[in-house]
Each structure stands twice: as structure tokens, then as C-alpha cells.
Amino acid sequence: MLGSILIGIVMVHAGNTFALKYGDDLVNQAQQQDPAAVAASRGNNLQAAWRDFGGNLVLGAVPKTISGFAIVFPYPFVAYQGWVGGIVSVRRDHTSRLNNPAPPFTTC
């Protein structure tokens, strides 16, 4: 997984248009269609947290658990997730999140 994260980071920081466009499209789609993101954008933080938890449980843990019974199936999923983690290491304006990371939670 670390290798695929590094590949994603190198691709976007080198300006690879495929990786940058894929990351932009993925983030836009998630912000518009993900129930947790929609709830969070409306200020429903508790609902967003529950939806995120449920989505991670159902769409994340269950398929990985089932695919874990086979030796080969989990590797492509983990590699893809690592690559996505690497390509979202840039902001929407394609500047690096790694050089000046924002704190995960801010107080108003």
C-alpha cells in the first residue's frame, strides 16, 4: 500500500494530467453524491458521521472481509485505495497538501 500511495503522490506532484483529472473528478463526485458529504455540507454533522460510519462498514469492511478469503483479490483493492490516497495529496488548485497540512479540526 505504501508503494501505491507514493506512486499517486509522485504522479500528482509531477503534474501528471491523468492523475490530477482523476482526483478532481473523484472529489467532485464525492462532494455531490456521497450522502455523508452532502449531510456535512448542510451542517448535519451527526448525520454525516453516521452515514460515513455506515458507508465504511458496508461498502468497505464487508467486501474486503469476503475478498480476504481469497489470497489474490484484496491486493488490487488496496493498491487502488493507496493510489487514490496519494492523488488526493493535492488541493483543488493542485497545490500540495503535504507542504503545509491543515489541522484536521478547526474551532470557530
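A search of the whole structure finds one salt bridge, defined as a side-chain nitrogen of Lys or Arg within 4 Å of a carboxyl oxygen of Asp or Glu. The structure is a predicted model, in which local features need pLDDT of at least 70, side-chain atom pairs count only at pLDDT 80 or more, and totals for chains, interfaces and linings use all residues. Residues are numbered from 1 along each chain as its sequence is written, and side-chain values use heavy atoms, with hydrogens and water left out.

The salt bridge joins Asp25 to Lys21, with the closest N and O atoms 2.7 Å apart. Both residues lie in helix α2, four residues apart, about one turn of the helix; helices are DSSP runs (H or I, at least four residues) numbered from the N terminus. Asp25 is partly exposed at 40% relative accessible area, whereas Lys21 is exposed at 51% (buried, under 20%; exposed, over 50%; partly exposed, in between; 1.4 Å probe, protein chains only).

Gly82, Trp83, Val84, Gly86 and Ile87 are the buried residues of α5. Their cover includes α1 (2-13) and α2 (17-33), with contact meaning heavy atoms within 4.5 Å.

Leu46, Trp50, Phe53, Leu57, Val58 and Leu59 make a nonpolar surface patch of about 720 Å² (residues with over 30% relative accessible area and no salt bridge, nonpolar side chains joined within 5 Å; Shrake-Rupley areas, 1.4 Å probe). Leu46 lies in helix α4 (residues 45-67) and is exposed, at 63% relative accessible area.

Note on methods: Patches are made of residues with over 30% relative accessible area and no salt bridge: like charges are joined within 9 Å, nonpolar side chains (Val, Leu, Ile, Met, Phe, Trp, Tyr) within 5 Å. Helices (H or I, at least four residues) and strands (E, at least two) are DSSP runs, numbered from the N terminus.
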